[in-house]
Amino acid sequence: MSIKLINIKPTYMSDAEISASDIYLQESVTFEKGKKYLIKASSGHGKTSVLNFIFGNNTNFSGSISYSGIFSNNVFDLRKSKISYVFQDFKLFSSLSVFENIQLKNTLTNHKTVEEIENLIEKVLLDHKKDSLVKKLSLGQKQRVAILRALCQPFEFLLLDEPFSHLDKKNIRIVTNLIVQEVSKQNASLIMTSLDETDVLTFDKVLNL
Amino acid sequence: MLLKLQKRTLVLSQIIGYALTIFIGVTIILVTSQFYFDIKPLLSQQTDIFKSKSAVISKNISVFKTIDKEKIYFTDKEIKDLKKQPFTKSISKFNSATFKINAYSNKTENVPVFYTDLFFESIPNTFLDVETDEWKWDVSLDFIPIIIPENYLNLYNFGFAESQRLPVLSKNTISQIEFNIQISGNHKSKDYKSKIVGFSNKVNSILVPEEFLSWANKEFGRLNKNKTSRILIEFNNPSDKTILEYFNENNYSISKDKLEFSKLVFFFKSALIFVFVIALVIIGLSIAFILLSLNLIIQRNKELLLNLYNIGYEHNRIAKFYQVLISSTTVLSIIASLIISNIIRNYYLVEIINLFDFTENKNYILLFGISFILALIIIYNLLIVKNIKKIVIPKNEK
C-alpha cells in the first residue's frame, strides 16, 4: 500500500503558519511501501495533524488523501490490518493492566500469541509490570506499552508520533530494534515525527514541516 | 478485556433504579389492562338493565299533593324545559287509561277465580325492553297483550304466594294463563281475552300497546285531555352529574339506583384510566431516565470510547455491551412483571368468581408483555448505536 497526500492543508492553520513546508500545500507527497520517513518540525507546526489526517481521526483538512489510489473518508477499515499508530498521548486504558492493554488490541486480529506478547513485554523490560494497571506506570513505561500495542497487529504503515520523547537511550535502542524487526517482518513503511533530526533509525526521506 | 473495561463505566444504582421503575410501570399497565378486559363483560352485563340509558320520572308525592292531585301532573312548560336540558336525548309521556278496567277469570278455566280492578298505561314501542311477536293490537282483535314489571312477579312469588299458600309461578307458566279484561266507560263496556306476554325491567307499570290505549281512551275515556304524571326520559350520558341536581331542584323522583350504578361504572373506568396513565408516566420516566443515564455514561467516558474506536473497535461493537445490558435488564424486568401480573390476576379472578357469575376472559398479559419488550428493545438498540456513533465517528466519516 502507498499513501498519497494531495494539496493537504489543515483548515485550522493560517497560510503564514504553514509556509515553506515539504508536506502542506504540496501538489503531491507519496509515502511508498517498505520505506521509512521522518517528519521533522518544531512544536506547533502540525506534525501530529499529518499523522491524524492519514489515520483518519482528524478530518479538518483541505485537499485529499489516497490509499493505494483510493480516495476515502472512511479510514476505519484500514486501522485493523493496514495502519498502526503510536499516539503521542499513548491512548492507553488506565484501568487495564499492561498485558490487558496490549491484548485488547491483539484480540481484534489475533496477530500475536500470548507467549509472543509476554516475550515483547519482557524485551522492553516491563515483565515485572505486566499485571500492573497502566495508571500506575511512569510516562516512559507507558510509552513502551503504547509502542508494543502498535506492533501487535498486521500493518503496512506504522505511524509513530514522537515515540521516544520519554525514553532514555537504552530503552530507545531496545524499542527501535523491536520496531525495525516488526516493520521489516511485515515489509511495512514507517512514518515517524520528531522535533529534531535523529540517528536512532535510518530514514529514506526526511520531510520538514 | 472489552467487557471488563466497559463494565467499569457503569453506575449499578442507575441500572437497578431503571429495572425497578420499568418493573413497577409495566406491572401496573399489564394488571390494569387485563383487569379491564376481564371485567368488561361483567360491566356491560350489569349495564344491560340500563341499556337505553333511560329512566322513569315522576313528581314526588307530598302531603299537600294528596289533597291537590293536579300537582302530580307535569305541565307543558315543565315538559318543554325537560326536553331542553343538555342531558336529555328524548322524552316520552306515559299514556294512562281514563276508563275503568277489570280483570277476571272464568270459573271453567284452570286458574283460581279472581276479579280485580286494574290500570293500564302505554309507552312508545321503541322505549320497551321486551321483544315479542304478540305485542300488537288492532280494532278487529279481541285480545289485549299485557306487559307487567318483572318485580310484580317477584312480589307475587316471594311475598303473596308464600303468605296465601298459593303455588309459585315461573315467567313461562304465567305467560300461558289467559284471563278476561272488561273495559267500561261512557255508558258502554267491552270484554277482551288477555295474556301477559312479557316482563319489563325498565318500566314499572302495567303496559298495553299504545294503539289500543289511544283507541280505548277515545271510546271509553272520561276525560278529553290526557294528563301526564310519568315521563320516560332517555339520557345522552346517564353519568352526567347535572341529572340528579336538576331532578332534586325540581323535586322530581327518579329510579336513582340505576343512575348510581352507571355513575359507579363511570368512576370505576375513570379510576382505571387514571392508574393506566400514571403507569404510562412511570414507564415514560424510566425510559427517559435510562436514556439520560446512558447518555451521561457515554459523555463521561467519551475519551475511553473514542480510544476504543481509534485502536480498531467498530462503533457497533462498542455499543453492543450497552445494548445487551439494557436489553437484558428490560427483558428480565418485564418477565418479572409478567409473573407478578399473572399472580395478581389469578388472585382477583378467584375473588370475582366468588362474587359474580363470571366466565374467564382471554389472558392478554403475555401478548402485551412481549409487545413491550420488543418495542423497548428496538428503541434502546437504535438510540444506543446512534449515540455511540455520534461520539466516536468524526462528522466527515459518517
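Reply: Happy to. First, a word on terms: axes are lines fitted to C-alpha atoms, for helices over the stretch in contact, and angles run from 0 to 180 degrees between N-to-C directions. Please keep in mind that this is a predicted model.

Now to the helix pair. In chain B, helix α11 (residues 315-355) and helix α12 (residues 365-392) have axes that come within 9 Å and cross at roughly 160°. Angles over 145 degrees count as roughly antiparallel, and α11(B) and α12(B) are therefore roughly antiparallel to each other. The crossing of α11(B) and α12(B) is also right-handed. Sorted by class, the residues in the contact of α11(B) with α12(B) are 18 nonpolar, 10 polar and 2 charged.

Next, the place where the two chains meet. Chain A gives 18 residues to this contact and chain B gives 12 residues. On the side of chain A that touches chain B, α2 (76-79) and α3 (98-106) of chain A each supply at least two residues. The largest share of that side, 4 residues, comes from α3(A). By class, the side of chain A that touches chain B has 5 nonpolar, 8 polar and 5 charged residues.

Finally, the sheet in chain A. Its 4 strands run in the order β2-β1-β4-β5 (chain A), forming an open sheet with antiparallel pairing. At the edges are β2 (29-31) and β5 (70-71) of chain A, each of which pairs on one side only. Strand β1 (residues 3-10) of chain A pairs with strand β4 (residues 61-67) of chain A over 6 bridges in the antiparallel sense. Opposite Phe61(A) in β4(A) you will find Pro10(A).

Notes: Residues are numbered from 1 along each chain as its sequence is written. Chains are lettered from A and ligands numbered from 1 in the order in which they are written. This is a predicted model: local features need pLDDT of at least 70, side-chain atom pairs count only at pLDDT 80 or more; totals for chains, interfaces and linings use all residues. Two residues are in contact if their C-beta atoms, placed from the backbone, lie within 7 Å. Ala, Val, Leu, Ile, Met, Phe, Trp, Tyr, Cys and Pro count as nonpolar, Asp, Glu, Lys and Arg as charged, and the others, Gly among them, as polar. Angles under 35 degrees count as roughly parallel, over 145 as roughly antiparallel, 65 to 115 as roughly perpendicular and the rest as oblique. A crossing is left-handed if the near helix is turned anticlockwise from the far one by less than a right angle, and right-handed if clockwise. Two strands pair if DSSP finds at least two bridges between them.
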